[in-house]
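This briefing covers one protein chain and the two ligands that accompany it. Please look over the sequence and the structure before reading on.

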Amino acid sequence: MSRHFIPVIILLAASVLFLSLDDQSPVKKVRITQEDSLAALNKKHVDQVMRWLGDRAKLPAEEVFKDIEIFRGRTAEEMIDIMDRRYRSTLGVSCAHCHDPFDWASNEKPEKEVTRAMVAFTQKINNDLLANMQGLKSENPRVRCSTCHRGNAKP
Ligand code: HEC
Ligand code: HEC
């Protein structure tokens, strides 16, 4: 009698194994959905700013935005591109990590001021320290935001 159950048990064990090998586990599915909605939200922010800029996108950032220190001399569209593809993605955050999306010029979020300090910090490492270091392999060794952050706000 019990011998008839052996194939059933093997089949059950195999299907449990098969299910656990499925890499689309519920946890992973949720994470992908969250990343997707974050990407969609950021795209919405970028589109919103680009629409607001209209044909002023190629003007210097300081002429169209309210409070520009780092990006003086760069065009408005270049600045938004760096904000999206360098800052946001290197830190693995959304625009709202550094901004109030209803008031982009506000400096209330400490992360925005830290970003300005991080730019100065990175320039100091590059221009004062790395540039004068002997024995390096590269001709022009540099650290970038991504050298440290690699997708994390807290490296
Ligand atoms: C890691 C922090 C950080 C992230 C993320 C970030 N920004 Fe910024 N953003 C800044 C800083 C710093 C400035 C000021 C730049 C300067 O001083 O030249 C700024 C300035 C701006 C301004 C100009 C506001 C004004 O009128 O002065 C806009 C618009 C803006 N960001 C849009 C965005 C959008 C859209 C995103 C997402 C795609 C984004 N930012 C992501 C840090 C960030
Ligand atoms: C040499 C390494 C290094 C480089 C280069 C670097 N950072 Fe950082 N960054 C750090 C460290 C360390 C912290 C502090 C994390 C903590 O709070 O412990 C930090 C923190 C930050 C924070 C605050 C994060 C938060 O959510 O509180 C922001 C924003 C930031 N960095 C932006 C930048 C940007 C933009 C660049 C490029 C211009 C950059 N960093 C380059 C090491 C670096």
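The model is predicted. The protein chain holds six helices and zero strands, and buried residues account for 6% of its 155 residues.

**Fold**
- Along the sequence, the pattern of the protein chain reads α-α-α-α-α-α.
- Taking contacts in the protein chain between residues at least 6 apart in sequence, 40% link residues at least 24 apart.

**Shell around ligand 1**
- There are 28 residues around ligand 1, and those that come nearest are Phe65, Ile70, Cys95, Cys98 and Ala105.
- Two or more residues of this shell come from each of helix H2 (26-53), H4 and H5.
- H4 provides the largest share of the shell around ligand 1, with six residues.
- By residue class, the shell around ligand 1 has 15 nonpolar, five polar and eight charged members.

**Shell around ligand 2**
- Ligand 2 is surrounded by 16 residues, of which Val114, Met118, Cys145, Cys148 and Ala153 are the closest.
- At least two residues of the shell come from each of helix H4 (76-91), helix H5 (110-129) and helix H6 (145-149).
- Here the largest share, six residues, belongs to H5.
- The shell around ligand 2 consists of ten nonpolar, four polar and two charged residues.

**Helix H5**
- H5 is among the contributors to the shell around ligand 1 and also to the shell around ligand 2.
- From its first C-alpha to its last, H5 reaches 27 Å over 20 residues, close to the 28 Å expected at 1.5 Å a residue.

**Ala153**
- Is Ala153 buried, partly exposed or exposed? Ala153 is partly exposed because 13 other C-beta atoms lie within 10 Å, whereas a buried residue needs 20 or more and an exposed one has 12 or fewer.
- Leaving aside residues up to four places away in sequence, Ala153 touches Leu91, Gly92, Val93 and His97.
- Ala153 and Gly92 are separated by 61 residues in sequence, but their C-alpha atoms are 6.5 Å apart in space.

Key:
Residues numbered from 1 in each chain as written. Chains lettered and ligands numbered in written order. Predicted model: local features only at pLDDT ≥ 70, side-chain atom pairs only at ≥ 80, totals over all residues. Near = placed C-beta within 6 Å. Helix = DSSP H or I, 4+ residues; strand = E, 2+ residues; numbered from the N terminus. Nonpolar A, V, L, I, M, F, W, Y, C, P; charged D, E, K, R; others polar. Contact = placed C-beta atoms within 7 Å. Expected span 1.5 Å × (residues − 1).
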